[in-house]
Amino acid sequence: MISVDVALGGVWPAELRTDRLHLRPVTAGDASLLRELLTDTKVRAHLGSPASEERVAARQAAYPATAGAWTVVRVADNHAVGLVAIGPGHRCEGAAEVSCQLLPDAWGRGLGRETVAAAVRWWTEAVPAGGPIVAVTQPANAASRRLLESIGMRLVDQFEEHGEQQCLYTPAGDQEDTDLRWARLVAERVDVVERRRGAQARATAMGQELPDDLTALSPSDMARLCSDRHGAYGRICARTAGHVPELHLGRSRDGAWIAWLTNREAYLLTDCGGDSGVVCR
Ligand SMILES: CC(C)(COP(=O)(O)OP(=O)(O)OC[C@H]1O[C@@H](n2cnc3c(N)ncnc32)[C@H](O)[C@@H]1OP(=O)(O)O)[C@@H](O)C(=O)NCCC(=O)NCCS
């Protein structure tokens with residue numbers, strides 16, 4: 001197996017896109033984002049503590065030259081909201097380690113999961129010789145643990161480091177084919193989450209007005225369908241062109257209704273369930 005650094009060097013720089021995010025290599029222009037992430041007490045609550053000025057300066061200099069370190073940009077407003085990195089895991093010889101941190105304003109909307117899922121999927125698909133991947137987080141970091149579990153990672157070890165307990169996560173599955181299973185597992189877990197959201201959306205007036213059988217749509221109906229962003233999975237939105245809000249509805253590969261979003265406002269509307277007053281145009 002080649003080292004993580006060598007594997008990364010062969011495919012870097014890389015840019016990734018998801019439904020709502022653009023992951024691009026960190027640049028010198030991200031200095032203020034890095035400072036914010038490294039010094040915010042909430043972000044650093046389970047990552048040691050806010051970093052010193054010296055450490056901030058060192059990280060600002062190092063990240064733009066680090067293969068595997070992406071700035072997470074929210075596409076809706078082109079705002080840099082965080083950092084995700086895949087690099088050599090110093091706790092597990094030969095394994096890559098993924099870590100992610102977002103600014104608190106961006107928390108709680110599924111962006112962390114979208115970010116980490118995209119990064120690890122890239123690792124297994126674009127860097128096939130890269131070897132296993134792990135994640136380490138503290139037991140009290142409920143958001144991080146839930147995120148990792150929701151994309152198919154399982155807790156395999158706990159150990160103490162820097163005076164704190166740490167949880168080691170790896171993809172679920174047999175050791176032998178962990179790499180191969182990983183991309184599939186991530187895709188499955190993300191699908192489950194998206195389907196759950198789709199079920200909520202179906203309960204809204206919008207969902208009920210859509211035909212159940214998309215093949216029944218005439219060519220002229222099809223021409224009027226949404227031509228907007230269809231996401232990372234090649235999904236087709238069954239709503240009409242120019243619809244508001246940006247909640248797209250379509251079918252997943254197994255035929256289940258599925259919903260996806262392109263901005264924060266749409267997310268808030270889905271939280272309102274059937275009382276949102278949103279009507280399909
Ligand atoms: C960890 C972090 C990236 C999560 O980002 P996020 O965008 O808020 O997470 P998501 O919205 O994608 O949520 C992922 C899961 O965690 C759950 N979750 C989010 N915040 C939570 C919290 N405070 N407590 C419990 N669960 C939480 C979500 O409900 C979701 O689970 P679900 O699928 O069952 O609904 C973010 O909290 C963060 O940047 N923290 C500071 C840095 C850090 O500790 N990083 C982790 C170690 S590298």
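This is a predicted model: local features need pLDDT of at least 70, side-chain atom pairs count only at pLDDT 80 or more; totals for chains, interfaces and linings use all residues.
I take buried to mean under 20% relative accessible area, exposed over 50%, and partly exposed in between (1.4 Å probe, protein chains only).

**Entry 1. Basis**

I number residues from 1 along each chain as its sequence is written, and side-chain values use heavy atoms, with hydrogens and water left out.

**Entry 2. Aromatic pairs**

I first looked up Trp12, which counts as buried because its relative accessibility is 18%. For ring pairs I use Phe, Tyr and Trp (its six-membered ring), with centres within 6.5 Å; planes under 30 degrees apart are stacked, over 60 edge-to-face, and the rest tilted. How many aromatic pairs does the whole structure hold? My search finds three.

I place Trp12 in the loop between α1 (4-9) and β1 (16-17) and Trp70 in strand β3 (residues 69-74), 58 residues apart. Here helices (H or I, at least four residues) and strands (E, at least two) are DSSP runs, numbered from the N terminus. I note that Trp70 is buried, as is Trp12.

Trp12 also pairs with Trp122: the ring centres are 6.3 Å apart and the planes lie at 75 degrees, so I record this pair as edge-to-face. Trp122 belongs to helix α4 (residues 111-126), so its pairing with the loop residue Trp12 ties together parts 110 residues apart in sequence. Trp122 has 9% relative accessibility and therefore counts as buried. I record Trp12, Trp70 and Trp122 as a cluster linked by ring pairs.

**Entry 3. Salt bridges**

I count a salt bridge when a side-chain nitrogen of Lys or Arg is within 4 Å of a carboxyl oxygen of Asp or Glu. The structure holds four.

Arg24 and Asp30 form one of these, at 2.9 Å from N to O. Is Asp30 buried or exposed? Asp30 counts as buried, because its relative accessibility is 4%.

I find another between Arg35 and Glu53, whose closest N and O atoms are 2.8 Å apart. Arg35 lies in helix α2 (residues 31-39) and Glu53 in helix α3 (residues 53-62), so this bridge ties together parts 18 residues apart in sequence. Arg35 is partly exposed, at 33% relative accessibility.

Asp77 and Arg74 also meet in a salt bridge, at 2.7 Å from N to O. I note Asp77 as partly exposed, with 43% relative accessible area, and Arg74 as buried, with 18%.
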